[in-house]
Amino acid sequence: MYVTTEKIVFGGKALARVEGKAVFIPFALPQEKLDISITQSRRDYNEAVINKILTPSPHRIAPPCPYFGRCGGCNLQMAEEQYQQVIRQAMVEELFTRAHVTAEQPPVFVAGSAWEYRNRFQFHADKHGTIGMHGLASNTVIPVQDCPIAVPALRRVLQHGKLPTLFPHRNKKEQDRYHLFAQDSLYSPLNPDAAARVHNTVLNFSVFGFFQSNISMLENVIDCITSLPECTRILDFYAGVGTFSAFLTGKAQEIHLVEHNERAMHTAQKNLERIITARNHSCRCFFHAVSDAHWNTLPAARLHYDAAVIDPPRQGLHTQVIAYLKEAAIPLLYYVSCNPATFVRDAKELTAMGYRFTQYRLFDFYPQTHHCELMGIFIR
């Protein structure tokens, strides 16, 4: 079956049409003529694979990684670096256009290193004890001897076959996840009390918990967040280990951190106490280990906040958080998102309740993939 692709849609697959029906094709680029086979037929669309590229895009290159197409990590290595950035911007722009959401200012795209940028990894083991990456759209474990997007310290581990030595002994029949973080030091389950250096500030966290995977791009996000004006009281919602609050202690008299994970909240408290003491700041921090759905039941939710930094998981804002924001009427919101699709959904809700969506920035956290993150600013 022959098709010509139109564009890449959110999720990283190229769109083509057969008799008007959408067909989604991984590892294809816009304006390519392809010989394809349908792998799944659904009511509204089909999934397909490439049999042969008949007319390649001028932006197509040979993927540098030998595992590309088998490992499930990257899906855009077949495109030139600059063209990948165009694709990611176009995918996000289409989400805004389809939702009829428009910022007052044009978006800004913030790029970084395309290779050797990733600090945090999650490896997997199969029932035979093989450790590696999950395969494309499957739980099959692909053993890898290199990963060109990993920071050099992690690449050396893979290249020298040292990955299994970083994890405690496991029953070979037991499937498991293995977490690694590397920057100045290498952290694994054998050494789980991790530390990251962010703008020369040390943040502690557990290697088993969440921390950003691209430190240099995280620093770009922090540079934007710290542009907020001085406040009496800031709300840090979905605060994690206090990553953003750590850079706001000179901006407010009080910061209230909200995080459902009690272990992360405990770590945030230790991080902030240490940082405030070291900087001799007078900021007071309050730590609320509560879910997003139940935050509005706490007395602290009734306080007036001059600004809020919100960094939800991929699901976006809980409906109870939307209801809280409508009632609280916080004048300034900095919304950091790892999922542009749910950000657009939430932006529509926020503008409907009276917020002005003034601007957003796209941060190229994950080159070689379709993923990017963004930060939007809302004012009322």
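Which residues form one aromatic cluster with Phe96? In this predicted model, the cluster consists of Phe96, Tyr335, Phe343, Phe357, Tyr360 and Phe378.

A search of the whole structure finds 19 aromatic pairs. One of them joins phenylalanine 27 and phenylalanine 68, whose ring centres are 5.1 Å apart. Their planes meet at 70°, and because an angle over 60 degrees counts as edge-to-face, the pair is placed in that class. Phenylalanine 27 belongs to the loop between strand S4 (21-25) and strand S5 (33-41), while phenylalanine 68 belongs to the loop between strand S6 (45-55) and helix H1 (81-99). The pair thus links distant parts of the chain, 41 residues apart. Both phenylalanine 27 and phenylalanine 68 are buried.

A further pair is made by phenylalanine 343 and phenylalanine 378, with ring centres 5.9 Å apart. The planes of these rings lie at 45°, so the arrangement is tilted. Because phenylalanine 343 lies in helix H6 (residues 340-352) and phenylalanine 378 in strand S21 (residues 373-379), the pair ties together parts that are 35 residues apart in sequence.

The ring of phenylalanine 121 has the charged end of arginine 118 over it, 5.3 Å from the ring centre. Likewise, the charged end of arginine 279 sits over the ring of phenylalanine 247, at 5.7 Å from its centre.

Definitions and conventions:
Residues are numbered from 1 along each chain as its sequence is written. This is a predicted model: local features need pLDDT of at least 70, side-chain atom pairs count only at pLDDT 80 or more; totals for chains, interfaces and linings use all residues. Side-chain values use heavy atoms; hydrogens and water are left out. Rings of Phe, Tyr and Trp (its six-membered ring) pair if their centres lie within 6.5 Å; planes under 30 degrees apart count as stacked, over 60 as edge-to-face and the rest as tilted. Helices (H or I, at least four residues) and strands (E, at least two) are DSSP runs, numbered from the N terminus. Buried means under 20% relative accessible area, exposed over 50%, partly exposed in between (1.4 Å probe, protein chains only). A charge sits over a ring if NZ of Lys or CZ of Arg is within 6 Å of the ring centre and within 35 degrees of the ring normal.
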